[in-house]
Amino acid sequence: MENKRKVSRRDFLKLGATGSAALALASCAPSEESAPAGEEPAVVDEAPADEPVEINFLAWGDIVDVPVWGVLGDMYTEHNPNVTVNITHVPDPGGGNFYSKFRTMVAGGEAPHVASAQGWEWQPFADDGVLAPLDDYIKLENFTTAYPDIQAIKDSTIRDGKTYLVPLQIGMMLMFYVKSHFDEAGLPYPTEDWTVDEFLDTAMKLTKQDGDSKQFGYQANNTYARDIHWIMTSGKREFDQLVDPTKAQFNQPEIAEMLQLMVGDVFNGNTKVSPTPADLEGGSNTIDTGNVSMKYEGPWFFGRLDNAELRESGKNIDFDCVMMPKGRDGSRKHRGWAEGVVVPASDNPEAGWGFAKFMGDSEGNKVYCEATGRIPNDPALIESWWLPTIKESFGVDMGDQWLKISKNLEVDVIGISRASIWNECAKPLAWDPMVAGDKTAAEVLPELDACVQGLLRSEERRVGKECRSRW
């Protein structure tokens with residue numbers, strides 16, 4: 001009598017959810033059948049050992065993320081001894097190298113089982129049929145903690161009603177400030193009700209030069225993606241819609257006024273409060289060198305200001321964080337998004353899902369966030385674990401600011417490459433001339449709109465061509 005046990009798709013999902021123990025329990029069977037007295041027991045086949053499974057993970061890699069991917073892979077193998085996780089690191093997702101590698105692998109028939117993805121970059125792969133929808137897996141395992149009821153997270157994970165991204169973090173940024181600079185200047189620490197005018201006034205008071213010694217009130221990021229928050233603060237947005245925009249609309253008076261302040265004036269004239277690109281050469285005059293008082297950053301920056309090594313050498317920065325200042329936007333939205341992993345439509349999407357879910361579930365997510373400084377995907381975990389952790393590790397007293405903005409996030413733009421906007425249009429036509437003081441925002445924004453509109457038309461042609469080819 002044969003008693004072999006075939007591992008079903010449901011069993012494999014149990015493996016991803018609860019480790020090898022669940023699968024062992026699901027597939028165990030007695031090695032002998034009961035037999036009447038005096039008869040030899042019937043010998044049956046042993047349930048076979050779990051077959052080896054290899055999971056190929058294409059992961060973005062920098063000094064923050066590379067180590068933790070290996071840790072998570074090893075942890076998953078400890079739970080599932082028959083599974084090996086092979087990790088390929090590719091740097092610079094912002095520059096496009098990572099996604100070029102991903103597309104090349106897919107085109108060559110070597111799609112990974114799991115791939116890193118930013119919440120605004122995976123959509124073209126889903127449109128091309130490259131990614132596996134995850135809704136059935138999510139429903140089967142009731143995996144809802146990684147998908148809070150926050151519109152920015154929905155916009156970052158769902159496409160045409162289907163879920164493709166497993167979030168590993170909620171991306172948020174706040175204003176970091178150096179407490180000692182405020183203390184020395186006799187200024188109160190900023191509070192969540194401060195305004196743009198108060199921010200600029202404070203930055204000016206904190207800016208000083210004494211011979212070769214410089215201190216700047218604010219370190220501007222000088223890049224379109226991060227200056228999107230200032231655009232939001234104006235009460236307007238630079239596109240007609242944030243998901244699959246059809247019209248560029250940078251050239252609005254409110255946006256022009258805000259960008260003139262935050263991209264032009266902060267580097268020039270009487271309002272100069274930020275180090276210029278020349279001031280930053282050689283890695284000097286930054287907030288982490290102690291020469292800047294405020295900077296718009298994310299929690300991944302904590303370790304740049306305070307860690308065990310810096311404390312030992314006395315070079316740590318005593319800092320805290322506060323909501324970005326109020327502007328014309330009465331709703332007080334903050335930039336926010338999800339980042340995580342996707343599961344390509346490979347030869348084994350169930351294997352990819354198992355590892356992706358492990359990284360996104362509470363055990364793996366805590367390891368990931370503790371190692372990288374990033375914010376957990378679950379607001380309940382933020383409140384119960386992450387906020388006490390950053391207070392103990394970095395002395396962040398205003399951690400509640402992160403929780404407050406998590407409920408009022410708005411994405412940047414989805415459906416057009418931010419890298420293309422920056423490299424082809426925003427940097428050469430707008431940001432560079434404004435930073436240099438050569439042109440005003442009012443002068444550059446009409447040309448910027450025309451350039452970005454051309455990118456939108458190119459995207460429409462690309463999508464249209466691919467849709468026709470699929471049909």
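Here are a few notes on the core and the cysteines of this predicted model.

1. Some ground rules. Residues are numbered from 1 along each chain as its sequence is written, and side-chain values use heavy atoms, with hydrogens and water left out. As this is a predicted model, local features need pLDDT of at least 70 and side-chain atom pairs count only at pLDDT 80 or more, while totals for chains, interfaces and linings use all residues.

2. Start with the largest nonpolar core, which has 137 residues. (Such a core is a set of buried Ala, Val, Leu, Ile, Met, Phe, Trp, Tyr and Cys residues joined through side-chain atoms within 4.5 Å; buried means under 20% relative accessible area, exposed over 50%, partly exposed in between, with a 1.4 Å probe and protein chains only.) Among the members that touch the most others are Trp69, Phe302 and Trp402. Helix α18 (residues 418–436) gives this core its largest share, 8 residues. (Helices are DSSP runs of H or I, at least four residues, numbered from the N terminus.)

3. Now pick out Trp402. Beyond its neighbours within four places in sequence, its contacts (heavy atoms within 4.5 Å) include Met172, Phe176, Phe302, Cys321 and Trp386. Cys321 counts as buried because its relative accessibility is 0%.

4. How many disulfides does the structure hold? There is 1 (a pair of cysteine sulfur atoms within 2.5 Å). Cys425 and Cys451 make the link, with sulfur atoms 2.0 Å apart. The pair joins distant parts of the chain, 26 residues apart: Cys425 sits in helix α18 and Cys451 in helix α19 (residues 441–470). The link is left-handed, with -75° about the S-S bond.

5. Are the two partners buried or partly exposed? Cys425 counts as buried because its relative accessibility is 0%, whereas Cys451, at 22%, counts as partly exposed.

How values were computed. Helices (H or I, at least four residues) and strands (E, at least two) are DSSP runs, numbered from the N terminus.
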